[in-house]
Structure formats: structure tokens, C-alpha cells
Amino acid sequence: MSDSMIEFRKDLFADERDDRLTVIGKPVRRQDILGHVTGRSPFFDDHLFEGLLHLRCARSPHHHARIRRIDVTEAERSPGVVRVLTGRDVPCNLNTLLSLLDFGIDDEPVLSGERVRYMGEPVAAVIAESEAAAREGAAKVRVDYEPLPHVLDVEEAIKPGAPVVLDIYPGNRFICHGKYDHQKLRFGDVEAALRTADYVVEGRYQMSPIEQAPIETCGAIAAPETNDRYVCYTSTQALFFSLATTSKVLRLPSSRLHFIGGTVGGGFGGKVDSIHEPLAILGAMLTGRPVKYAWDREEEMQVGGPRGAERWYITDGVMRDGRIVARKFVGYFDSGAYTRLTSYAIMKAVGHLPGPYTIPNVYADVYCVFTNRTPATAMRGFGITGVDFAIEAHMDKVAEVVGMNPIEFRILNSYRDGDMKAHRRIAKNCALIECCQVVAEKAGVALSPEAKRASSRQGGGGERAQLPPRTALDEKGRVEGFAAHGYARKGHRRGAPDTPVRPSPEPAFARTSSALPARDIASKPPSTAGAPPQPAPARAAPSQPPLPSPPSGPAPRAPIRFSSISGLRRR
Amino acid sequence: MPKKPITFVLNGAERAAFADPGQNLLDFLRRGVGDLTPKYGCGQGGCGACTVLLDGEPVLACLTLAEAVEGRRVDTVAGLGGPAPHPLQEAFMAHFAAQCGYCTPGMLMSAKALLDRNPRPTREEVIEAISGNLCRCTGYEPIIAAILSAAASGARP
Amino acid sequence: MITAVETYRSAEEAARALGGGGAIYLAGGTLVMAEVNANRTPPRLVRTVDPGLRQIVASSETIRLGAGVTMAQILASRDCAVLHDVARQIGGPQVRSMATVGGNLFARHPYGDLAVALLALGARVALAGQTSLRSLADLLRDRERPALVTQIEVPRPRGDRAFGFVKIARIHPRGASLLSIAAFLPREGSRMRGVRIAYGGMADRPIQAAAVERALEGAVLDEGTIARAVAVAAQGLEPPTDSLASAWYRREVVGVHLRRLLERLSRP
Ligand SMILES: Cc1cc2nc3c(=O)[nH]c(=O)nc-3n(C[C@H](O)[C@H](O)[C@H](O)COP(=O)(O)OP(=O)(O)OC[C@H]3O[C@@H](n4cnc5c(N)ncnc54)[C@H](O)[C@@H]3O)c2cc1C
Ligand code: FES
Ligand code: FES
């Protein structure tokens with residue numbers, strides 16, 4: 001790589017990088033590149049097995065249907081077909097990816113037997129002597145479907161009376177922390193601040209699903225080894241994640257699974273779903289032969305989990321001088337038919353709010369919504385890309401309303417070192433202002449002397465390091481009957497039964513729309529900017545209802561913060 | 001189903017193997033002959049990862065009937081370079097023209113087809129020459145730079 | 001699933017084998033093999049190694065293209081200069097070294113760029129086992145009946161401004177046409193006689209734009225004529241909506257591209 005492609009700004013990150021490093025910051029030839037240019041890098045499919053069998057799934061042509069009957073007799077008789085698998089052959093035919101982190105309720109079958117919830121959902125797997133024979137066999141799987149009403153839009157899906165995608169989530173909303181039908185962020189009092197703002201600017205933004213589209217499609221080859229193990233060559237991006245998922249789904253100790261991966265023909269997030277390994281290994285177990293299960297391009301595009309669709313509503317309160325005083329988000333992530341990683345994506349998104357800007361009052365309700373679309377999964381910029389697009393599009397819109405140059409508007413509102421962020425951590429190593437200045441220069445946009453002088457290292461902290469004097473809380477979207485599943489929950493036993501506590505017959509969602517009376521929280525700010533925040537003992541204002549006591553012991557030693565995955569926890 | 005014996009020249013050496021009816025050249029090379037360098041990306045002509053040279057012309061192996069190569073010459077990345085890398089391979093390494101490396105064999109064969117015909121291509125001609133090859137990781141700029149620099153180096157075995 | 005590949009010495013034998021049904025003819029394979037790979041074809045593949053199908057024979061009046069001539073062959077032939085601009089815009093280099101003229105006549109929307117050009121040029125086709133030529137317009141109207149095309153006879157246009165082609169794609173180079181336009185504008189003195197305008201992407205197959213042809217026929221190619229032609233660019237057409245463009249968009253922009261093409265051909 002040519003040096004000119006990177007510019008190191010020593011003025012900004014002088015303390016962050018040691019100049020004596022001999023590798024970082026220097027162009028280095030990749031260790032795997034000779035393999036790439038000679039075509040010898042071993043991708044999963046670059047392993048030859050004598051007697052290799054090919055697995056192909058029969059898939060639902062409906063968005064949503066009940067399965068009355070699956071008849072595989074004709075498929076079994078098709079030339080070259082060795083074995084046909086259905087859900088009954090899968091030892092543990094219900095899984096959710098993040099169950100490995102004790103997070104979420106098992107919701108997705110490997111091969112569906114009772115209901116299909118998205119077009120292309122697999123219902124049977126045909127294993128045959130050749131790929132062509134497997135295709136022919138899969139076309140001969142006869143399924144008697146009873147089509148059901150379906151829903152393909154997030155806001156349609158949460159309307160009363162919408163078709164229910166997953167019975168365990170009757171409101172088509174994932175339950176966050178076992179408590180709410182959405183992920184909350186509350187920082188300050190947005191409604192009060194909106195009332196005092198000079199302008200209130202609203203916007204609606206949405207993003208379609210995006211397929212990662214790696215040039216190598218996802219797949220795996222599995223074969224019995226002589227030592228009672230199964231070897232599995234896989235395109236997975238997350239080898240141990242796939243190994244543990246397979247171990248769970250096949251009820252096999254991981255010591256019997258020999259996974260080989262690491263050479264991935266492009267992943268971009270789309271190769272974490274661990275779809276192929278369990279079926280390829282199951283096929284190898286049941287036939288005693290090597291089995292390859294890989295998607296063709298059409299499958300990759302249709303049933304490969306994309307970055308899910310998102311829709312965002314943003315309301316900003318802004319002062320005449322351009323300071324944003326309040327920002328409110330309502331976000332909907334389209335999880336598709338199953339949870340996979342979307343529950344986690346919304347936490348990543350909420351942790352990112354309100355974007356790289358210091359705003360004293362921030363509010364977000366973000367929903368992980370189930371629809372009859374292809375289940376969504378990870379993609380680079382996981383959980384962030386859609387809302388970042390929304391935020392930056394909105395920034396432009398607000399700049400226009402207040403009549404400011406959009407770059408100066410960003411500089412004015414940017415995080416500076418030492419500022420308090422909405423998720424209650426102190427901003428450090430900020431560089432947005434400097435990025436804006438470089439962009440303005442390159443784009444030939446003239447900045448005011450003030451904006452030119454601005455620096456991420458100046459003007460932060462102090463007042464800006466304070467937690468809001470008052471944070472408005474509420475019980476909107478509270479649900480009953482769910483257990484909190486979060487790996488960070490202290491004292492939660494791993495291996496405890498994962499079955500959901502079913503919602504009470506009284507629909508848990510009956511109360512979702514009516515916000516319960518707001519509670520207020522007053523908190524003491526951390527002391528110094530830049531340093532990690534000091535304990536901020538929650539203290540109720542005399543006139544307000546008391547706060548629930550903290551879960552462990554007396555006065556907390558550590559500040560409350562949002563962990564990336566499990567919501568509020570102590571550190 | 002009757003298999004057909006196919007005799008052809010692969011990277012300069014005579015080879016023979018059996019093809020299934022309707023089998024494409026990509027599958028035939030990979031599973032029948034054991035040359036794993038051409039890659040599957042789509043099986044429908046869209047990605048170019050399977051590009052090989054047939055009598056010197058770039059073709060999509062996934063859309064070529066295996067039987068159609070009877071008596072003909074096929075070249076793949078496995079035959080590129082000798083003990084030392086081919087100048088194109090050298091340039092791809094020097095310019096970071098491969099990230100995951102999956103599109104690389106196809107890119108290299110398209111580039112070779114170009115340079116064999118036109119040793120001093122313009123940038124536009126390079127872009128045209130790799131327009132049938134998709135890369136999802138690297139970005140095309142390093143690949144274009146690599147091909148231009150291989151052409152400039154002039155050395156061709 | 002393909003159970004047999006039948007390779008014949010002559011096009012006539014291949015045509016007879018196709019007549020039996022349950023078979024598909026394989027030319028360059030750029031479309032057929034994708035279907036084979038997806039297990040969506042009849043069980044027999046029929047092909048021929050007839051050398052006549054790979055020949056280009058040019059005279060002063062016509063170019064005769066064997067149906068198995070590839071885009072790369074067209075580009076390598078100086079006799080086919082009139083078609084270079086079209087052939088160059090078909091697929092990438094790999095597709096061009098495989099894709100045949102014959103296959104292009106049967107390619108489904110959005111493909112068939114060469115067929116659009118050939119339609120405007122008034123090409124005629126020879127079918128295996130038949131002595132008389134059939135107009136391409138006729139063949140395109142009824143592509144379902146299995147008939148093996150052996151040759152395509154293309155009249156040579158006179159002068160640089162007698163023929164032009166544009167392809168509108170969203171990806172450059174190599175994108176599929178969201179629409180394409182070919183214009184054949186022979187002049188008698190300053191007036192156009194025997195005009196043919198063909199569209200791709202404006203119907204389920206390459207078609208002639210009758211209203212545009214009427215507006216141009218017998219006229220001088222000036223600003224007024226161009227305006228009259230553009231005004232009826234989408235008249236009577238029901239273009240498809242697909243992933244490349246909506247019917248609305250196609251109808252909106254076809255006139256814009258027609259104008260640019262006609263203006264190009266009106267300049268001395
Ligand atoms: C990546 C890609 C990009 C492409 N880009 C373009 C493009 O830009 N423009 C474009 O026009 N096309 C494009 N195509 C489509 C296709 O490559 C061309 O239309 C090509 O000319 C088809 O010819 P073939 O020889 O490959 O046909 P084949 O695939 O062999 O056959 C296609 C059809 O025609 C029939 N057929 C073939 N020859 C005859 C004959 N002589 N008589 C009767 N029937 C016959 C076959 O039976 C079959 O039904 C593209 C294809 C791919 C895969
Ligand atoms: S695999 Fe041949 S073009 Fe994609
Ligand atoms: S390097 Fe990954 S597709 Fe090109």
C-alpha cells in the first residue's frame with residue numbers, strides 16, 4: 001500500500017501512538033497474500049474428499065404458512081439421493097444464536113416442521129451424490145402448506161391485530177432484559193427541553209436490508225474422522241461461535257468437533273450465523289460420508305441474513321445559535337422472522353446515540369421487531385450504519401433550519417474531550433472537529449475563524465461533563481412474564497433452563513402503549529473530565545418517589561453504565 | 001448416467017478426466033481434475049471468480065460446458081508463474097490488490113488475458129478488462145494499480 | 001437434471017434432434033448454462049460443432065454472421081465495424097468471448113442488445129433446413145417455436161450517420177441495459193427513407209418504435225423533426241418494471257436518450 005494513502009495526525013493523537021513501533025503504521029505485506037495470488041489459500045471448498053455428498057434444502061415459497069405435512073418419499077427415491085433430513089432428525093431443533101451468551105430465547109428451527117415464517121425458510125435437507133441430484137431431490141420434497149397472513153413492515157407488525165410471527169413474542173417485539181418491549185435510553189428530560197427549544201425539527205429515515213454479498217457464498221464441508229470426531233471445514237467468520245452453536249444443536253460435546261476455518265472469502269458479518277456447520281455435520285453423522293452444504297448465489301442473496309432494514313424517527317430541539325438541546329429517537333430494527341443478532345444490534349445502536357454530539361437531553365425507544373422477512377444478522381458497522389445515516393441526514397436538515405453551514409453546525413455540537421455522553425461515559429480521544437475541518441478544507445468550504453480554531457481538546461469537560469440534573473424515567477412498554485437473559489447478570493447460572501417464562505394469559509402487551517407515570521432520577525456528576533467517572537450515588541429528590549434500591553449491597557461503589565450487551569450493570 | 005472422458009491441456013500439461021452430463025468446466029476442474037484455483041461465486045456469470053483462459057481467451061468456467069474443452073487449452077492461476085511469482089502476482093502482492101483473496105484468481109486471469117493481448121494498456125483498458133470480475137473487499141483501485149504496474153514492469157515470462 | 005449432451009456435426013442434424021422435444025440448444029452457454037447449473041432445463045442439451053456457424057462472410061452489400069459467431073469475433077473483424085460499438089457494450093470480456101449472435105436473438109429481457117441493433121438494421125435470419133430467409137422482426141415476434149438459426153444476414157448501412165446505438169445501464173462498464181435504442185436512418189438526399197428505430201427494454205423483447213419511425217420517415221433530420229419524434233418516443237409502449245428501472249422511469253427517459261442519439265446522428 002502506498003504511504004500517501006494514510007495521513008497520521010500526530011497533533012491529535014500524540015499520546016496514543018508510540019513512534020517506536022516497528023509494525024503498526026508501516027505498510028507490511030500480508031502473511032496470507034502469497035496464498036491469495038497463487039490461488040492456494042485454502043477456502044472451505046478447497047478440500048477434496050472421496051465420495052463427497054451434497055446437501056441442499058427444500059425451502060418455503062411462502063412468507064408465512066403452517067406446515068400440514070412434509071412428504072419426502074418422492075425425494076428419497078430420486079436418483080442419487082442418499083438421505084433426506086427433516087426437523088425431526090435435528091437433535092436440538094430450536095436455537096437462538098446469542099443463547100451462547102445466555103441472551104435471548106431459542107426461537108429458530110434448523111429445519112422447520114410446523115410453521116415457516118419467511119420465504120426461503122428450510123423445511124428439509126436432501127443429501128445426494130451430486131449437486132444436481134441434490135437439487136433434483138429438493139425439488140421433489142412435497143410440502144402441504146396452509147398460507148397464513150404475513151407482515152413485512154416494522155410499523156405494521158407492531159399494530160394491534162398484526163399477524164404474530166413468533167408466539168413467544170406476541171407483540172412482534174423482542175423483550176429487552178426481560179422487562180421492556182424496547183430498548184430505552186433516558187438522559188435528561190427531552191420533553192421539557194423540546195418545549196424550551198427555538199426550533200423543533202422532525203425527520204423520518206429508513207434503510208432497506210443490505211446483503212453482505214461476499215464473493216464466496218457461505219458453506220461448510222464435514223466428514224467423519226477416525227477418532228470419533230467430525231472435521232468441518234467452514235467459511236464461518238466466527239469459528240468458536242459456530243463450533244459452540246453446532247455443539248448445542250447436535251447435542252455433541254465440542255471435543256468431538258474439529259473445526260477448521262479462518263480462510264474466509266469475504267464475510268462482512270454475513271458469515272456468523274452458523275447455518276451450514278450443523279447440517280453438514282449432521283449429514284456426515286447420518287450417512288457416514290463427507291457432506292458439503294453451501295449456498296448457491298440465489299440462496300446467499302435470498303436467505304442469507306442481511307443487515308436488517310431500519311426505520312428511524314428523530315426529533316431535535318435546537319436553539320437559534322445552533323446548539324442542539326434535545327434529541328429524541330424512535331427506532332425500529334427489522335429483525336425478520338427470528339432474533340439472531342438483532343436484539344444485540346439495537347443495543348449497539350442505542351449505545352451509539354445521539355451520534356458524536358454533546359446533547360444534554362437524549363431519549364430513545366428502539367424496537368427489535370419481528371416480521372416475515374429474511375432474518376437479519378450482522379454487517380460491518382453492526383447496529384450503527386442505519387442510525388448514523390439517519391443522524392447525519394438529520395444534522396443537515398437541522399443545519400438548514402437554523403441557517404448554518406452544516407459543517408460548522410457539526411463542529412459546534414461535536415463531542416469534545418471530557419464531555420458527558422448520553423450513556424454516561426466521558427468522551428475521550430475525540431476527533432470529529434478535526435475531521436470536519438479537514439473535510440471543509442478538501443471540499444473547499446470556507447469556515448468561520450471560530451470553527452477553524454475549534455479543537456476537540458478545548459471547551460469540553462466542566463459543565464459539559466455533568467450528568468443531567470434530572471432524568472425523566474418511565475415504565476412505557478413494561479412487560480411481565482419474561483426472565484432477564486443477559487450474560488452479565490450477576491449470579492445467573494449458566495445452563496439454567498432456557499425455556500421462556502411464557503407470558504401470562506393476560507397479554508403482556510396490554511399496557512405497552514400507556515406510559516406509566518414518569519419517575520425522576522437525580523444524580524451527582526462525576527468529578528473530573530477525562531478521568532473515568534466517579535461513583536454517582538443515585539439520590540432521590542425529596543419530592544419525588546424514591547428510586548429502587550440498587551441490586552447489590554448498600555451504596556454502590558461504581559457508576560452505573562451501559563454495558564454493550566446487557567443494559568444497565570455495575571462495574 | 002454416462003460420464004464422458006475429456007482430454008485437454010491444462011496449464012501446458014495433457015490431462016484427462018471424466019465429466020458428468022451437463023457438468024460445467026468450473027466443477028470439472030475443481031472436483032474432477034483437482035485444480036482448485038478457479039473459484040465459485042455465482043454459477044451464473046455475474047462474478048468472474050471462475051475466470052480461466054480457453055485457448056488464450058478469458059471465459060467463465062461456470063458457464064462453459066466441460067465437454068466443450070475437449071482437445072483445447074485451459075489456463076488457470078495454478079499455471080501462473082514458476083518457481084518465482086509471475087509479475088502480475090508480484091504486483092498484486094506489492095499493491096495490496098487482494099484482501100480475502102477469493103476474487104483474486106479470476107482477476108489475475110482477466111489481467112493476464114489483457115496483457116497477453118495488449119502489453120501496455122491504458123487505465124481505461126484495464127478497467128474494461130476486469131469489468132467482468134467483482135471484488136467485494138479490496139476496492140478496485142489497488143487492483144487497477146497492480147495491473148498497470150505489472151504492465152509497466154514489462155517483464156513477462 | 002441433464003441426462004445427455006448431444007453434439008452434432010451439422011446444424012441440420014442438431015435442428016432435427018431439437019425437434020424431438022425435451023431438449024435445449026446450447027450455443028455460447030452464457031444463459032443456458034446458468035439454467036443448467038440451477039437445474040431448470042429440459043434433460044437433453046443439444047449442440048453442434050458445425051464450422052459454418054462460426055463464420056463471418058462479408059460482401060459490399062451485406063455481412064453474413066454465423067449464428068455461433070461470438071461478440072469477441074465481431075470485435076476482431078474489421079468487416080463488422082458497424083457492430084463494434086454494440087458488441088463492445090455486451091457483458092464483460094469473458095461474456096464477449098462466449099456470447100453468440102444467435103443466442104442474443106433469444107436472450108430474454110434485459111438482454112438482447114445486439115438483437116436490438118440487428119432489428120434496426122433490418123437483418124434477416126436463415127433457419128436450419130429452410131432455404132428462404134426470414135426477417136428478424138418476424139423471428140422476434142415468435143421466439144417460442146424451436147427453430148435453429150444458422151445465419152444472420154445484415155445489410156450494411158451507408159455512411160457514418162446512417163446507424164447509431166445507445167445502451168443505458170446503471171453500471172459502467174458491463175451493466176445490463178435498462179433500455180437501449182438503435183436507429184437506422186438511410187438518407188435519400190437530405191430526407192430519411194426506410195427508417196427503422198428499435199428499442200430494447202421497452203417491452204418483453206426488442207421491438208420497433210412505430211410512432212417514432214412515422215415521425216422520421218421522409219423528413220429531414222432537423223430540430224423540428226427530432227422534437228416530433230421525441231414527443232412520441234414512448235407512444236403505445238408498455239415497458240416492464242424490474243430491478244433495473246420502473247415502467248414509469250423507462251417511459252420518462254426513453255425520449256431523452258432518443259433525442260441525444262438523433263442529435264448525434266444529425267451532426268455532419
Ligand atoms: C454476466 C452477463 C452479462 C451479460 N450482459 C449482456 C449484455 O450486456 N447485453 C446482452 O445483450 N446480453 C448480455 N448477456 C446475455 C447473453 O450473454 C447474451 O445475450 C448472449 O448473446 C447469449 O448468447 P449465448 O451464445 O451465450 O446463448 P446461450 O446461452 O447458448 O443460449 C441462449 C438461448 O438462445 C437459444 N439459442 C442460442 N443459439 C441459437 C440459435 N442459433 N438458434 C436458436 N436458438 C438459439 C438457446 O437455446 C437459449 O435458449 C449477459 C450474460 C451474462 C451472464
Ligand atoms: S462463478 Fe462463474 S461467474 Fe461467478
Ligand atoms: S479480495 Fe475479497 S472479493 Fe476481492
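In chain C, 59% of the contacts (heavy atoms within 4.5 Å) with a separation of 6 or more are accounted for by residues 24 or more positions apart. The structure is a predicted model, in which local features need pLDDT of at least 70 and side-chain atom pairs count only at pLDDT 80 or more, while totals for chains, interfaces and linings use all residues. Residues are numbered from 1 along each chain as its sequence is written, and side-chain values use heavy atoms, with hydrogens and water left out.

Chain C contains 11 helices and 14 strands, counted as DSSP runs (H or I of at least four residues for helices, E of at least two for strands) and numbered from the N terminus. The radius of gyration of chain C is 19 Å, close to the 18 Å given by the globule rule for 268 residues, so chain C is as compact as a globular protein of that length. This radius is taken over C-alpha atoms, and the rule is 2.2 Å times the number of residues to the power 0.38. The C-alpha trace of chain C spans about 60 × 40 × 30 Å along its principal axes.

Of the 268 residues of chain C, 54% count as buried (under 20% relative accessible area; exposed is over 50%, partly exposed in between; 1.4 Å probe, protein chains only).

In chain A, A:Asp32 is located in the loop between α1 (10–13) and α2 (33–38). A:Asp32 counts as partly exposed because its relative accessibility is 24%. A:Asp32 and A:Asp107 are separated by 75 residues in sequence and by 38 Å in space, C-alpha to C-alpha.

Methods. Chains are lettered from A and ligands numbered from 1 in the order in which they are written.
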